Amino acid sequence: MKTHRQTLEEDWHPVAFATGCGFCVILLVSWFVEPTRSLWLAVDDRFFFAVNRSLASAGNWQVFWALANNRMVDIVSALTVIALYAHFVWRYESVRTDRYIARGLLLTGMVIAAKQIAEALAVLVGRTGPTIVHPDAIRLSKLLPEFPTKDTGHVVFPGDHATILLVCAGFLTFYLPRRYAVVGWIAAVAFSIPRLVGGGHWLTDDLVGAVAVAGFILTYVFATPLHRIATERLEITIAEKTDALRRT
C-alpha cells in the first residue's frame with residue numbers, strides 16, 4: 001500500500017507544470033510585445049468587425065444575441081456547471097459526499113483565485129471593449145432597448161467570464177468522466193461567445209487573457225499535490241463538522 005507521502009509525490013508532475021506555466025507565460029507575453037502584439041490586435045479588429053456586421057441583420061438573429069448577452073445567462077452558465085457536477089455525484093458517487101463537497105469547495109477557491117487574478121490584470125492593462133473603441137459599432141442595447149443587454153466593457157482584458165468557465169471546464173476534466181468534460185468545454189465556449197459577438201469583449205480577451213489565467217490556475221492546482229492536500233484537509237474539516245452536528 002502506498003504511503004501518503006508517495007501519493008503526494010505521484011501528484012507532482014514537473015514536466016506538465018513547466019509546460020503549462022511556460023505556455024501561459026509565452027501566450028500572455030505575446031500579447032504585450034511586438035511583433036505578436038500587432039498581430040493579436042489585428043485579429044481582434046477583424047474578428048470584431050466580422051461578427052459585429054452580422055448584427056445588422058434584423059429579426060431573430062438580433063434578438064438571439066441580445067438575450068444571450070443578458071446577465072441572467074451568467075447564472076445559467078453557473079447552474080450548468082453545478083448541474084453537471086451534481087448529476088455525476090448523485091448518479092455515481094452518492095456514498096462519497098464528503099469528498100465531492102470538498103472538491104466543490106476546491107473549485108470555489110479556484111474560481112475566486114482566478115477572478116482575483118483576472119481583476120488585478122484587468123486594472124493593470126486597462127483595456128476598453130470594442131464597442132467603446134469603435135463608437136460606430138452596432139450596439140444591441142440601442143437596437144433592442146427592451147432587452148437588458150451587456151454590450152460594452154470598460155475593463156475587459158482578460159475576459160473574467162471566460163476565465164471562470166475555463167477553470168470550471170478544466171476542473172470537470174480532471175475529476176469527472178470524459179462525457180462530462182466534453183459537455184463542460186462545449187458550455188465554456190458557448191457561454192463565452194455572446195460577449196464577443198455583442199462587443200463586450202475582444203477575441204484575445206478570451207483567447208489570450210482568459211486562457212492564460214485559467215491555465216495558470218489549473219496548472220498550479222492539478223500538476224502539483226495542491227488539489228489533494230486541499231481536498232483532504234477540507235474532507236477532514238467537513239467530517240468533523242458533521243460529527244459535531246450529529247452529537248448536538
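Here are some notes on this predicted model, going from the whole chain down to one residue.

1. Ground rules. Because this is a predicted model, local features need pLDDT of at least 70 and side-chain atom pairs count only at pLDDT 80 or more, while totals for chains, interfaces and linings use all residues. Residues are numbered from 1 along each chain as its sequence is written, and side-chain values use heavy atoms, with hydrogens and water left out.

2. The overall build. The protein chain has 12 helices and zero strands (helices are DSSP runs of H or I with at least four residues, strands are E runs with at least two, and numbering starts at the N terminus). Its C-alpha atoms fill a box of roughly 65 × 40 × 30 Å along the principal axes.

3. Of the 248 residues, 44% count as buried (under 20% relative accessible area; exposed is over 50%, and partly exposed lies in between, with a 1.4 Å probe and protein chains only). The chain exposes about 13,600 Å², and carbon and sulfur atoms supply 68% of that (areas come from the Shrake-Rupley method with a 1.4 Å probe; for residues, only the protein chains shown count as cover).

4. Helices α9 and α10. Take a look at α9 (residues 160-175) and α10 (residues 178-198): they pack at about 175°, with axes 8 Å apart (axes are lines fitted to C-alpha atoms, for helices over the stretch in contact, and angles between N-to-C directions run from 0 to 180 degrees). That makes the pair roughly antiparallel (over 145 degrees; under 35 is roughly parallel, 65 to 115 roughly perpendicular, and the rest oblique). The residues that meet include Leu-165 and Leu-166 in α9 and Trp-185 and Phe-191 in α10 (contact means heavy atoms within 4.5 Å). By class, this contact has 10 nonpolar, five polar and no charged residues (Ala, Val, Leu, Ile, Met, Phe, Trp, Tyr, Cys and Pro are nonpolar; Asp, Glu, Lys and Arg are charged; the others, Gly among them, are polar).

5. Helices α5 and α9. The axes of α5 (residues 72-92) and α9 come within 11 Å and cross at roughly 10°, so these two are roughly parallel to each other. Among the residues in contact are Val-81 and Leu-84 of α5, along with Cys-168 and Phe-171 of α9. This contact divides into seven nonpolar, two polar and one charged.

6. Ala-113 sits in helix α6 (residues 97-125). Ala-113 is partly exposed, at 30% relative accessible area.
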